[in-house]
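Have a look at the picture, then read on.

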Amino acid sequence: MTPDRDADALLPLPPATFHILLALVDQERHGYAIIQDVEARTGGELRLSAGTLYRSIARMVEQGLIAEVARRPPARLDDERRRYYRVTPFGTAVARAEMRRLTQLVRLARARGLTPEAT
Amino acid sequence: MMRLYRALLHLYPAGYRAEYGGELCAVFGERMREISGPLAPARRALAAAADVVPNALAVHWDVLRQDLRHTARALRRSPGFATTAVLVVALGVGANTAAFSLADYVLMRPLPFPDPDRLVRLWQATPEYTNELSPAVYRDWKAMSTSFSGLEAFTTQPANLVGRTEPRRLETVLVTPGLFELVGVPAFAGRTIVPADSAAGPVAVLSYALWQAQFGGATSVLGQVVRLDGVPHTVIGVMPPSFRFPNRQAEAWTPLVFREDDYEDRTDTYLYGVARLRDGVTLERARGEMAVVTSQLGRQYPKEDGRTGAAVRRLREEMSARSRLLVIALCGAALCILLLACANLASLLLARATARARELAVRAALGAGRERLVRQLLTESAVLATIGGVVGVLTAVAAVPLLAQLVPAALPVAEEPSVNGRALAVAVLLVAVTGLAFGIVPALHAGRSSALAALRGGDRAGGRTQRVRATLVVVEVAASVALLVSSGLLIRAVWNIQARDPGFRAEGVLRVRTALPLPKYDSVSRREQFFTRVLREVRALPGVLGAAYVTGLPMEMRGGIWGVQIVGRPPIEDESNGVSLRYVTPGFYATLGIPLLSGRDVSDADARDRPYVAVVSESFARRHWPNESALGKRITVADDERTVVGVVGDVRVRGREQESEPQLYLPYRQVADGAIRNYVPKELAVRSAVPPATLLPAIRRIVRAADPEQPVSHVRLLSDIVGEETAPRLTQLRLLATLSLIALLIAGVGIHGLLAFTVAQRSRELGVRRALGAPVGGIVGLVVREGVGLALAGVAVGVLVAYAAARTMGALLAGVPPEDPVTVGTAAALCLATALVGCLRPALRAARIDPATALRAE
């Protein structure tokens, strides 16, 4: 996987993918932690099921957006089965690109005088 | 709950499950804790299914897309391999779809009548022959049998349709009034013939094609009067387009009504019996009952029916064993091609898997599970098979109508054969078999052996694979030898048949039919006027060498067999006295080039008031008067005593593939008015020194001048009639020969591919040999020996298979022995030659291996 790949090629990102990237931006997490984080951040609006989560994870690993972390937290804190994921530099680049895309969209909408709330 | 979830996880691909199964369970477990309440277990189960099923499908889809992308990339990288594989599959699938379509059409598809399996045809049968029924026998069988819900009869009697534009010859079928109800097909417009029609005035039912061609498809035709052989018939109905009874030629149907005196002669056989088995009656029971009925009649009429039994055959089986065998042989050849295609595909895939062993090993080392590799290779072979299958089916769709000539004319079916749903289902099955079954071996092979061995040393990993491929090459060679020998034998058989002297010279003879309508021409003197005038004027045309009329031409009219008795000898009771009886005008033998061996031709002087005479063929004379001249001997035929005045050469009346009865020719005037009507001469044969077609306008003019209402039909060259006899065989031969050549080609490609691969794999070893001083010749010899060795093994197996196949097609071989050394030798030589050509490039490449380069790679 070449880090200088064109991040724009993957845009627009599926919502689940973007949220998983967001969940991993600040720290490495295991699967269930990702679900909880996404749920908390979206106020319970997006609740990933186990199948959806890991299908996304599998694809994101394949695409080089995230990677499994080899080292783990101390054993007593950790459930043996859990695997931890981190975002890759390419993943960060893609998240940024998606952010730019969304910002651009919002800016375009505002330029037309549109606001999120009806006035 | 977790057990259910774990079980559901098996819906995922195995690799995915191994990778994420544990995680999935853990996360699912956490989520389950969130569900509580009264219906918790049910809601959990539902959640489990809702989570796994769609996601598992999506993962499969993801993998498939990935594999397809990968396949597309991989195939683009090796277009030669992709093209070869697709072509090989296309050949196999195409040939089989086409062959199966034809077989389905000829052998399996139900005939277009309700409950067709209960329809049977009835024949009078003696141990030697099967014959049509006489009216008396028909009447008795109908009255005495109980196995049938109906027993009807028909006979064909072409009639002249006059009063519309040009007079036209119609293929008319006379049917007993209950026949339409028995067959069970209603009219397309109007109605069919019913028993009440025999009492009313003459009526006619038209075929759809005739209705369209002659009456423009107008419904106003119903109730119209048409004149058939001068007799007005009221049109009462039109049959649907699919109704072709009793054969594809039928154009119109009229009621067959018997007069009391029709029942008098029990040996006047001209009716075709057709019956429908009563519900619950098996064919065997009907046959049993008919045996009882016929033996009863045999006791009652020992002279006429003493040896007569009944043959009861299903309508579908009313085609010659030869037609059936032709189609089966074609299917066998197609299966051979499929086998070859599969072997070649497997070999190609194996080679490819071996060549990619390193790539696969790297991928395996990077964590792709074996199941993923196998799955990806299978996707590749499935894609190849599918593309090849589509190409093959398209080819078959285009090719099947060309096989129409192989459909026996006796089959009462309308359309040309086409690829139908069943054939397509077979094609899909074939694709699945070639793609999966023959992809799975190489795939498993690669999945198993490649990983470590390939990483370690690479080149020596394929030993086992090479053995498998070598076996496949032997199979390919064997199959193509078997095909080559079979088609070679059939080619020899056709040569044999075509080399048989028909007994006459067909070249330069034109045939024109002027079938005189009866009763208009019942009077012999009236016929005489017509024949004399037409013949005189035709003979006077420039370029005409001879012209004559005859009842029916050899190879076209094959029946017409009568019993002859020798005056002064005890009556001959068996069928050994059968002759094919023809009425002729003078000049017939000269026109057809039949040699007059002794005595004289019939002459214009052989009139009714003169002593009755006959001309016999050589075999008749030899059979009855082996050591003396037949001239002057007296015979009885059709109740008349006649003197033999001439002996002519034998003619192959029944065609060149079977034995014919001796021939008996009678002068056309020595017959009572209105008697033996089916034998009134109708074929005008003209031998000319100029192209026969140029005579036609003049002949038409002459006939019109003699009788303006008389149609001219069936204009053909006698050589075409003779040629047509072997036409189905030739079509089939061309097919078989094509298939054999394809097979040979595939086998050649197989040998080439195997050796090219061997050389590439052994280049280091060969290089070392060269470095150690092995001569170039020795290296080339090494490669060629391997190729030729495989070819020889294949030839040995193939010859044995071919021998077995040829024994089963014995009936088609026209006396060519199944072990015919010329054919077997040629086929073997062709195969070896192909093998040598296949060796050539790999051998040259081996010779060019540079020892230094090969060693450096070490």
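In what order do the elements of chain A run from the N terminus on? They go α-β-α-α-β-β-α, which is to say that chain A has four helices and three strands. Keep in mind throughout that this is a predicted model.

**Chain A: the sheet and its helices**

Of the 119 residues in chain A, 29% are buried. If you take the contacts in chain A between residues at least 6 apart in sequence, 62% of them join residues at least 24 apart.

Let's start with the strands. Chain A has an open sheet of three strands in the order S1-S3-S2, with antiparallel pairing. Strand S1 (29-30) and strand S2 (66-68) of chain A are the edge strands, as each of them pairs on one side only. S2(A) and strand S3 (residues 84-87) of chain A are joined by three bridges and run antiparallel. To find your way around that pairing, look for Glu68(A), which stands opposite Tyr85(A) in S3(A). As for what holds such strands together in general, they pair through backbone hydrogen bonds, either parallel or antiparallel.

Now for the helices. H1(A) lies across S1, S2 and S3 of chain A, and it runs at about 95° to S3(A).

After H2(A) comes Gly43(A), with a positive phi near 60°.

**Where the two chains touch**

That mention of chain B brings us to the contact between the chains. Chain A puts in 16 residues, and chain B puts in 16 residues. On the chain B side, H2 and helix H3 (40-77) each supply at least two residues. The largest share of that side, ten residues, comes from H2(B). Sorted by class, the side of chain B that touches chain A has nine nonpolar, two polar and five charged residues.

**A strand pair in chain B**

Further along chain B, take a look at strand S15 (residues 544-550). It is mostly covered, with six of its seven residues buried. S15(B) is joined by six bridges to strand S24 (residues 683-688) of chain B, and the two run antiparallel. In S24(B), Glu683(B) is the bridge partner of Val550(B).

Most residues other than glycine have a negative phi, and most peptide bonds are trans. Here are some spots that go the other way:

| Spot | Feature | Value |
|---|---|---|
| Leu11(A) to Pro12(A) | cis peptide bond | omega about -10° |
| Phe245(B) to Pro246(B) | cis peptide bond | omega near 0° |
| Met555(B) | positive phi, not a glycine | phi near 70° |
| Ile676(B) | positive phi, not a glycine | phi about 45° |

Where do the chain B ones sit? Pro246(B) is in the loop between strand S10 (231-238) and strand S11 (252-255) of chain B. Met555(B) belongs to the loop between S15 and strand S16 (561-563) of chain B. Ile676(B) is in the loop between strand S23 (663-667) and S24 of chain B.

Is Met555(B) buried or exposed? Met555(B) has 22 C-beta neighbours inside 10 Å, so it counts as buried; the cut-off for that is 20 or more. Ile676(B) has 15 such neighbours inside 10 Å and therefore counts as partly exposed.

One last stop is Ser603(B), in the loop between strand S19 (596-599) and strand S20 (613-617) of chain B. Ser603(B) counts as partly exposed because it has 15 C-beta neighbours inside 10 Å. The C-alpha atoms of Ser603(B) and Pro667(B) are 7.3 Å from each other, although these residues are 64 apart along the chain.

Terms used: Residues numbered from 1 in each chain as written. Chains lettered and ligands numbered in written order. Predicted model: local features only at pLDDT ≥ 70, side-chain atom pairs only at ≥ 80, totals over all residues. Buried ≥ 20, exposed ≤ 12 C-beta atoms within 10 Å, placed from the backbone. Pairing = 2+ DSSP bridges. Contact = placed C-beta atoms within 7 Å. Axes fitted to C-alpha atoms, helices over the stretch in contact; angles between N-to-C directions. Nonpolar A, V, L, I, M, F, W, Y, C, P; charged D, E, K, R; others polar.
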